[in-house]
Amino acid sequence: MTHLPVPETRPDVEVGLTRLFSAPAPDAAFVDRLERELRTRAAEQRPVRRSWLVASPRQQWAVGALALALVLALALAIVGPRRVLAQFQQLLGYVPGVGFVDLEATRVLTAPVQVTRGGVTLRITQVLAKPDETLVVFEAEGLPAYEVRQVNESTEQDLTAALRLPGGSTLTGARQSVGRGNDTVSGSLRFAPLPTGVFQATLLLARLPYVEHGTAPEDWEVPLTLRLATGEVVAALFPQPYVPVEAEDTQRDITLRVLVVAHSPEATVLKLQAEWADPTWRFGFFTAGQDLRLSDDLGHSYGPPVAPSHNVVVQHAIGIPSPPDGTVTPAPGLYRYEIDQSFASLSPSATRLTLPVEAITFDVPVPMEFEVDLGPQPQVGQAFPLDIPINAAGVPLRITGARLEREQRGAEPPETWLRFDIVVEPAPDGRSVRGLHFLVGTSTPAFDGGSTGYQFAPERLDAALRLKADQPLPTGPVRIYLAAASLVVPGPWELTWDVPGRTAPPSAPVTLSPSEASQTHSGLTLRAEGVTLTDRVTVVELALEDAPAGTQLHQVTCWLPQQNSPDCWLEDNRGNRYSDPGVSWQTSTQPLTDTLVYGAAQPLAQSMTLHVPAVEIAVDSAANFDVDVPGEGAAGMLDQPWAVDIPVDVARQSLRFSQAWLTEMNGLPQMVLRSDPLETPSDRWLTGLRLAAITDPEGELVDLTLAHSSAGPDFFSLERSYVAVIIIPVGGHDNRSIRPGRYHVELSGVTLGVRGPWTLRWELPGP
Amino acid sequence: MDIGASIIDTRAAQVQPSSLPNEAQLIQAAQREASAFTPLYRHYVTPVYRYLYSRTGNAADAEDLTAQTFLEALQGLPRYRHRGQFAAWLFTIARRRAADHYRRQPILLPLDELLTPADDDEPLSQVVHAETLAQLHALVSGLDEGEVELLRLRYAAGLTFAQIAATLRLREGAVKMRLHRLLARLQDALGGER
């Protein structure tokens with residue numbers, strides 16, 4: 001095949017294209033959330049059901065909401081936030097699942113309309129006939145399972161929709177956004193504006209999306225009657241937003257403020273704004289990767305809303321309007337970023353809300369260049385000492401060296417990387433850098449890619465440049481250009497405001513200590529040590545009673561091995577089952593391992609029953625063993641297993657590690673130890689070895705936060721066997737080069753899964 | 001100091017959706033045990049997201065479509081036959097999801113966001129000027145969707161030529177040829193306008 005390289009383009013073409021198509025990395029919280037969702041789906045092993053991930057109507061509204069947000073933002077920039085919002089508030093409605101919408105001159109549906117045919121219900125949940133478009137939001141349920149109705153993937157794209165007007169004319173050509181669950185579909189249709197004065201129309205759907213012809217009712221007709229969204233209508237239909245008073249905090253010259261808030265039965269949504277003075281900074285994200293959580297004065301902590309369709313996130317950056325001559329004058333104070341952020345619905349008793357923001361990450365420019373002299377005959381594996389000081393918005397960094405590495409990934413051609421070791425020196429004010437970005441392309445013609453800084457240990461960064469494929473190693477001095485750094489600015493910011501209209505005395509939480517709520521199973525007595533009832537949550541704290549010496553409750557697990565879904569449930573005497581409310585209680589931002597949180601008890605409930613299928617216990621016991629990391633040629637042994645024979649007897653568990661290999665995870669050399677297959681889990685099963693200490697050949701303690709032990713299905717092979725695995729960092733003090741020799745591993749016990757079930761029942765106090 | 005150009009970092013080009021070590025094995029494991037899908041997800045979530053962000057122009061939609069892409073991939077994995085092009089398969093799903101998204105104009109970042117202060121004293125600022133960006137923005141806006149998609153897969157998703165070829169069902173040489181011609185055209189046009 002003729003090799004045709006990309007042409008030697010003028011520098012600004014390729015860099016410009018990179019800029020034009022630049023995109024931020026996904027928000028870490030989103031990545032984690034999606035991973036959890038995927039894991040749940042994977043465990044369910046069932047076709048996808050309806051979820052915010054699949055059928056979120058917010059995407060259907062994003063453009064409209066974004067446009068409104070932009071208008072609002074520009075207005076804010078010109079005349080100031082408070083005055084504009086006071087005006088906007090009269091026109092602004094919070095449309096559940098959509099966000100803040102300007103409803104001026106809009107005709108709306110005053111109640112959902114639904115039609116049921118052949119067991120399938122089509123529901124029109126909202127129509128917004130705006131001056132610039134007509135938006136129809138729909139959902140359908142009761143469909144045949146996806147596998148049954150879906151024959152052709154193009155089916156989903158062939159939706160034929162129209163709005164028939166009273167005179168017989170129709171609006172067609174709807175743009176659509178659809179999603180599906182297993183037996184549901186939902187989405188939105190966007191038509192041209194409805195003619196002035198028209199308040200009735202009929203939605204015509206030849207068929208529903210994701211439904212193959214003949215598998216479900218077709219030729220739907222849904223009559224729609226609209227009303228003008230006057231102030232009264234808006235007030236009656238939509239939760240009214242309010243402007244919180246003094247919900248603003250400034251730290252380190254960065255101001256965060258809550259511009260507007262709305263509470264609905266399903267969610268709380270607020271528009272959050274960040275404003276900073278330095279025009280060279282670009283907003284990255286709030287916090288350092290965790291979800292924002294809202295807390296109230298009672299002790300509730302609100303995460304994302306449970307109802308998927310209410311998880312609204314609309315965000316945008318606000319740039320500086322360009323003067324006619326194309327130049328831009330930096331104007332401090334005009335740089336803002338806004339986001340509509342939603343949370344689980346508010347406790348009726350909450351009167352004061354607090355939004356803490358621990359940190360904000362910005363991209364800041366680091367325009368500098370330096371040279372790495374690769375010498376006349378560079379070799380893969382060769383290291384190049386460097387001492388390059390960098391100043392990233394006041395945070396000092398230092399590039400201490402570079403190495404040439406070759407990576408072979410599957411069947412792909414090997415790639416050669418120039419990897420840099422970077423030390424981040426702590427800034428006195430707590431700011432830090434979590435990523436460093438190179439400029440690639442024509443400025444550094446030897447490279448066509450790079451890895452953004454990866455923080456594998458505190459104050460250490462990893463960043464690398466990839467050499468172009470099919471090209472020899474460059475020789476001599478190579479000039480490297482830096483572009484930007486990800487700067488983490490710690491706060492904390494604390495935004496606090498009163499919820500208007502909350503004058504009734506709050507409903508005080510009730511705490512129970514139900515002595516009757518315990519049961520013994522498999523030799524373990526599990527007890528509901530405390531139950532807290534609020535108008536938003538039921539919190540159950542569990543404990544082991546009279547546990548054997550050296551045994552503690554490790555975590556309440558709602559999963560059994562080989563089970564498809566979690567199976568803890570709380571039920572009252574009236575048959576109501578309670579689910580995750582999306583709200584935690586008191587100070588915990590992470591679920592406590594021995595605490596389960598469900599929705600608030602129904603008013604008429606007299607007793608509650610908690611079903612726990614399994615728990616995980618920690619058993620203390622000491623054991624230790626040694627394992628050798630080969631010296632000569634270790635670097636060439638990556639992912640090449642060798643046999644070991646390490647028997648381990650700990651806490652009455654006997655296993656044998658029989659295989660070891662070196663691997664690299666996120667740039668860190670690590671050794672994996674794998675056991676022989678363990679017994680199939682039955683009543684008790686090993687879930688992990690508790691690592692107490694690992695000492696490397698130099699006698700230094702290995703960072704246990706980088707080590708890992710677990711027992712479970714063997715992901716390293718295609719066998720479905722159940723094995724124990726220990727992962728040991730072997731990178732020495734710099735976490736880089738493999739440190740060969742004997743490693744000493746000390747164990748402090750095991751964690752075991754114990755099959756129940758335990759059924760705990762307690763009475764609720766009378767009204 | 002060239003603030004704008006300096007923010008052009010490696011994020012757009014740095015995405016490395018080349019295969020994972022033992023990718024075939026990971027895929028086989030995930031096909032048998034869906035919970036083993038996680039390493040594949042972690043490896044590809046960023047390039048997929050960036051590609052979809054470049055299609056939609058906003059994080060909310062990009063997140064939705066990213067979620068849909070991986071959920072569909074998870075569902076479709078048992079039927080997937082690995083021929084060394086998992087990334088292409090994944091991006092085919094992502095492209096279809098993006099196409100399903102309500103039809104908006106191909107989205108580039110708003111020009112206002114791209115135009116940031118420049119200072120010609122710094123070497124980086126010589127790389128790209130606001131004026132050039134504006135011209136390039138206009139030129140790219142005038143390209144047909146196939147050409148924009150080619151640029152998107154290259155500069156937003158960071159795919160290799162081989163991966164782009166597999167995604168678009170073209171030969172690798174054809175992808176290189178098209179990109180070569182496209183960049184040359186943009187280069188000529190830019191030159192002509194300056």
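Trainee: Leaving aside neighbours within four places in sequence, which residues is Phe420(A) in contact with?

Mentor: The model is predicted. Phe420(A) is listed with those that have the most contacts inside the largest nonpolar core, a set of 71 residues. With neighbours within four places in sequence left aside, the residues it touches are Phe370(A), Val372(A), Leu386(A), Ile399(A), Gly401(A), Ala402(A), Phe438(A), Leu461(A), Asp462(A), Ala463(A), Leu465(A) and Ile480(A).

Trainee: How many residues does the second, separate core have?

Mentor: Ala614(A), Val615(A), Phe657(A) and Leu678(A) are included in this second core, which is separate. Its number of residues is 67.

Trainee: What kind of aromatic pair do Phe37(B) and Phe70(B) form?

Mentor: The whole structure holds 13 aromatic pairs over all chains. For Phe37(B) and Phe70(B), the centres are 6.4 Å apart and the planes are at 65°. Planes over 60 degrees apart count as edge-to-face. The pair is therefore edge-to-face.

Trainee: How far apart in sequence are the parts that Phe37(B) and Phe70(B) tie together?

Mentor: Phe37(B) is in the loop between helix H3 (23-32) and helix H4 (38-56) of chain B, while Phe70(B) is in helix H5 (residues 59-76) of chain B, so the pair ties together parts at a separation of 33 residues.  Phe37(B) is buried at 3% relative accessibility, and Phe70(B) is buried at 0%. The separation asked for is 33 residues.

Trainee: Is Tyr53(B) buried or exposed?

Mentor: Tyr53(B) forms a tilted aromatic pair with Tyr49(B), 6.1 Å centre to centre and with 40° between the planes. The two lie 4 residues apart in helix H4 of chain B, so about one helical turn separates them. The relative accessible area of Tyr53(B) is 13%, and the cut-off for buried is under 20%. Tyr53(B) is therefore buried.

Trainee: Which ring does the charged end of Arg117(A) sit over?

Mentor: Chain A has an arginine over a ring at Arg577(A), which lies over the face of Trp569(A) at 3.9 Å from the ring centre. The charged end of Arg117(A) is 4.7 Å from the centre of its ring, and that ring belongs to Trp220(A).

Trainee: What is the bridge partner of Leu691(A) in S45(A)?

Mentor: Strand S42 (residues 684-695) of chain A is mostly covered, with 9 of its 12 residues buried. S42(A) pairs with strand S45 (residues 741-763) of chain A in the antiparallel sense, over 10 bridges. In S45(A), the partner of Leu691(A) is Leu747(A).

Terms used
Residues are numbered from 1 along each chain as its sequence is written. Chains are lettered from A and ligands numbered from 1 in the order in which they are written. This is a predicted model: local features need pLDDT of at least 70, side-chain atom pairs count only at pLDDT 80 or more; totals for chains, interfaces and linings use all residues. Side-chain values use heavy atoms; hydrogens and water are left out. A nonpolar core is a set of buried Ala, Val, Leu, Ile, Met, Phe, Trp, Tyr and Cys residues joined through side-chain atoms within 4.5 Å. Buried means under 20% relative accessible area, exposed over 50%, partly exposed in between (1.4 Å probe, protein chains only). Contact means heavy atoms within 4.5 Å. Rings of Phe, Tyr and Trp (its six-membered ring) pair if their centres lie within 6.5 Å; planes under 30 degrees apart count as stacked, over 60 as edge-to-face and the rest as tilted. A charge sits over a ring if NZ of Lys or CZ of Arg is within 6 Å of the ring centre and within 35 degrees of the ring normal. Two strands pair if DSSP finds at least two bridges between them.
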